[in-house]
Amino acid sequence: MIAPLHLSDLGQLMFAEIANMLAEGQRANPHWAQHVALLAQRLEQIQRWQSVLEVEGDTYETVTATGGRMIRARPEVAMLSDAMRQAQSLMGELMLNPSAALRIADGHKAKAGEFDDF
């Protein structure tokens with residue numbers, strides 16, 4: 001697979017890593033390049049927003065019009081949650097999560113046991 005040009009350097013590294021995982025599992029397909037690129041972008045965003053939250057914290061304080069104090073969640077919290085949800089979905093579509101790996105594993109069937117007839 002060829003990484004799209006719009007990916008950053010980190011995004012292209014992640015794209016190559018994901019494409020390599022797919023190739024090792026003999027599931028690489030050039031038609032999936034945009035899905036892999038989107039996953040790489042989302043993983044990059046996850047790293048960025050996690051680092052912002054580690055430095056800045058999960059909340060910020062603001063003053064209301066009446067002079068009161070209000071503590072709110074930083075916008076990056078919602079953006080991180082959304083990126084993680086979409087990355088998990090894309091990993092499932094590309095069969096890169098553990099449950100998908102179990103479904104496609106060769107010979108992953110329960111062995112016959114002595115109690116199968118019950």
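1. **Basis.** This is a predicted model, in which local features need pLDDT of at least 70 and side-chain atom pairs count only at pLDDT 80 or more, while totals for chains, interfaces and linings use all residues. Residues are numbered from 1 along each chain as its sequence is written, and side-chain values use heavy atoms, with hydrogens and water left out.

2. **Overall fold.** The protein has four helices and two strands, and along the sequence these follow the pattern α-α-β-β-α-α; helices (H or I, at least four residues) and strands (E, at least two) are DSSP runs, numbered from the N terminus. Of its 118 residues, 25% count as buried, where buried means under 20% relative accessible area, exposed over 50%, and partly exposed in between, with a 1.4 Å probe and protein chains only. Among the contacts with a separation of 6 or more, 56% come from residues 24 or more positions apart, a contact being heavy atoms within 4.5 Å.

3. **The core.** The largest nonpolar core contains 19 residues, and those with the most contacts inside it are Phe 15, Ile 18, Val 36 and Leu 39. Helix H1 (9-24), helix H2 (33-56) and helix H3 (75-93) each supply at least two residues of this core, and H2 gives the most, with eight residues. A nonpolar core here is a set of buried Ala, Val, Leu, Ile, Met, Phe, Trp, Tyr and Cys residues joined through side-chain atoms within 4.5 Å. Leaving aside neighbours within four places in sequence, Leu 39 is in contact with Ile 18, Ala 87, Leu 90, Met 91, Leu 94 and Leu 96.

4. **H1 against H2.** These two helices pack at an angle of about 125°, with their axes 8 Å apart, which makes H1 oblique to H2. Axes are lines fitted to C-alpha atoms, for helices over the stretch in contact, and angles run from 0 to 180 degrees between N-to-C directions; angles under 35 degrees count as roughly parallel, over 145 as roughly antiparallel, 65 to 115 as roughly perpendicular and the rest as oblique. The crossing of H1 and H2 is right-handed, a crossing being left-handed if the near helix is turned anticlockwise from the far one by less than a right angle, and right-handed if clockwise. By class, the contact of H1 with H2 has 12 nonpolar, two polar and one charged residues, with Ala, Val, Leu, Ile, Met, Phe, Trp, Tyr, Cys and Pro counted as nonpolar, Asp, Glu, Lys and Arg as charged, and the others, Gly among them, as polar.

5. **H2 against H3.** H2 and H3 pack at an angle of about 150°, with their axes 9 Å apart, and are therefore roughly antiparallel to each other. Their crossing is left-handed, and the residues of this contact divide into 15 nonpolar, four polar and four charged. Among the residues that meet here are Leu 39, Arg 42 and Trp 49 in H2 and Glu 76, Ala 87 and Leu 90 in H3.

6. **Two residues of H3.** Glu 76, found in helix H3, is buried, with a relative accessible area of 15%, and it touches Trp 49, Val 52 and Leu 53, not counting residues up to four places away in sequence. Gln 88 also lies in helix H3, but at 57% relative accessibility Gln 88 counts as exposed; its C-alpha atom is separated by 9.8 Å from that of Arg 42, 46 residues apart along the chain.

7. **Positive phi values.** Gln 26, in the loop between H1 and H2, has a phi near 55°, a positive value in a residue other than glycine, and counts as exposed at 75% relative accessibility. Met 95, in the loop between H3 and helix H4 (98-104), likewise has a positive phi, of about 60°, although it is not a glycine, and is partly exposed, with a relative accessible area of 36%.

8. **The segment before H1.** His 6 is placed in this segment and counts as partly exposed at 49% relative accessibility. Not counting residues up to four places away in sequence, His 6 touches Gln 34 and Gln 41, while His 6 and Ala 37, which are 31 residues apart in sequence, are 9.2 Å apart in space, C-alpha to C-alpha.
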